[in-house]
Amino acid sequence: MNTRKFKDVVAQKIMFLLCIFVVSLAFLIIFGLYHRSMPILAEKNLKDILFSAIWHPAQGQFGLAGFIVGTLWVIGIATILAVPLSILTATYLSEYSHRRIREYIKPIIDLLAGISPVIYGVWGVVAIVPFVRDYLMPFLSEKMPFFPFASDNYTGFAAITGGIVLAVMICPLMISIIGEVIRNVPFEAREASLALGATRWQTVKYVVFKKSWPGIIAAIILGLSRAFGETIAVLMVAGCALNFFPKSIFDPAYPLPALIANTYGEMMSIPLYDAAVLLAAFILLIVSILFNIVGWGILLRIERSQS
Amino acid sequence: MNRRKIEENIFRCFMVLSTFMVVGSLALILVTIFLKGFPALNLDMLIKTPKGGYYIGKEGGILNAILGSIILGIGATFLALIVSLPLVFYLNLYVRKKSKFALIVRFFLDVLWGIPSIVYGAFGFTLMIFFGLRASLLAAMITVALLIIPIMARSMDEVLKMIPFELKEASFALGSTRLETAVKVIFKQALPGIITSILIAFGRGIGDAAAVLFTASFTDSLPYSLFKPVATLPLAIFFQLGTPFPEVQERGYASALVLTGIIFLISIVSRILSKKFSKRIIK
């Protein structure tokens, strides 16, 4: 075997090992976090941890329910805001707008995706928190003092603030995936609909959406998973009150990632504390892996059915 | 006007409105950061390290965090590049087009890409304990590298997929091996895209706070050793905003402006470089 051939084969082996490394990385992360959260699972029932709301590390109480509910509030609000916004924007960009406009807007959306989460947090603190405190909260909470609006938290650091910031953060991802899915609908299908006298919106509604809804669902799932794991920005604006179930969009919420981030300094000092926090990270990991497998799985199936 | 036309117009209005809201929120973010940060920004902040009592309003700057972030970003990007570049060459040159293996690796990259950065941070923390490391520049570099490998590899993969098949065939037909084709032909052709991918990953690495929270810790001194804690810009912003002192919070806004400026600069540089290098590629 000559040297050129030899080099080629060696490179092949190394590259193959790197591929194996990346694949095994996922399992390594799962195993590593599971292993570190074992101590608490050995002492306590997983059900007790998930459904108890009392978080008192010093007394050995590690209930995650409050954080899980906080997470659900924040990502619920973010989804309600971001999904219609992303679907409409993506539809506009790929079905209605001139190609030139799309070429101008796409880099802007890319830039929005590239901004650091901390910057979103700063923006939330200086812009969204006062907006919620001074306008949204007095307006909604006083006019409609019932279920999702009634609250006595007048600081502006609330679930809705986190939801608004998160909605802006997940829009770029959802817009780009939905746009791609919509553009993959065959051109002939649109032409057939337009030729029958349908308006553009009717074509979008009955032909484009009908053909691309699995992809849109996938985009929403991936957006949700992104929102689920977002840490710093939410931590800065959502209020984070311990041992508290938010009952209104204006109540403070304390999502799981924020809990993990907030405990980094103290968690080695109390027994089981680090295991509880890493269990929270493990839950986060499992949920985001499941969401991503479903989301990318749907997109992969669409791609394969087309080729 | 009939009902269909009205519906058409209503939804068109909604679409334009939501596009404006998405684009407008970016403008709003940039304007807010600029208006808040610019008055508080001064040269001292950029060229000094925090003196005693910096976080209660005494003098100093955030040079430690700026340098720390840049060094951390460069190191992590380098580590990620070592893994990603050969990986995508393998997926695009060494295996068959419809291979199951490539499909699996790509799917894992997608899934890894979706894992939140705080989870990478927690994993980095467990690795640190496992190897007996303390929170340090090295631990942070490894964690951030793991975080940006999927980002970099996925976007490089997109670039390599776009390379015309004929180019590979021409190179093989001249008798070159797959490695030679990769290094001498495909790499040159894909260089503009590869540079963009590297800079995207660099920007993400520099901006991420959650992954370095456990692994980098924080320090007031300049980064000088791989095995010592390092200050990062996102965390500096986070800590400064968390203090109750208005002067320090203002510096936090100024630091946010610096970080935004760096990310902007990266995006501009990537555009210029990819234009410059695309002169040599075969179209």
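**Note on cavities and the domain interface of chain B**

1. A search of the whole structure, which is a predicted model, finds three cavities of 30 Å³ or more. A cavity here is a set of points, on a 1 Å grid over the protein atoms alone, where a 1.4 Å probe fits but cannot get out, and its volume is the space filled by probe spheres set on the points, which are joined across faces, edges and corners.

2. The second largest cavity has a volume of about 40 Å³, and its lining residues (those with an atom within 4 Å of a point) include T71(A), V74(A), I75(A), L166(A), F228(A), E230(A) and P257(A).

3. Chain B is divided into domain 1 (3-40) and domain 2 (45-277), with bounds that come from an automatic or database domain assignment. The C-alpha centres of domain 1 of chain B and domain 2 of chain B lie 30 Å apart.

4. Seven residues of domain 1 of chain B are in contact (heavy atoms within 4.5 Å) with eight residues of domain 2 of chain B. Between them the two domains of chain B bury about 610 Å², counted as the accessible area (1.4 Å probe) lost on being put together and summed over both, and 83% of this buried area is on carbon and sulfur atoms.

5. On the side of domain 1 of chain B that touches domain 2 of chain B, the residues divide into five nonpolar, one polar and one charged.

6. Between domain 1 of chain B and domain 2 of chain B the count is zero salt bridges, a salt bridge being a side-chain nitrogen of Lys or Arg within 4 Å of a carboxyl oxygen of Asp or Glu.

7. Residues are numbered from 1 along each chain as its sequence is written, and chains are lettered from A in the order in which they are written. Local features need pLDDT of at least 70, side-chain atom pairs count only at pLDDT 80 or more, and totals for chains, interfaces and linings use all residues, while side-chain values use heavy atoms, with hydrogens and water left out.

Note on methods: Ala, Val, Leu, Ile, Met, Phe, Trp, Tyr, Cys and Pro count as nonpolar, Asp, Glu, Lys and Arg as charged, and the others, Gly among them, as polar. On a 1 Å grid over the protein atoms alone, a cavity is a set of points where a 1.4 Å probe fits but cannot get out, and a pocket is an open set with protein on both sides within 12 Å along at least five of seven lines; lining residues have an atom within 4 Å of a point.
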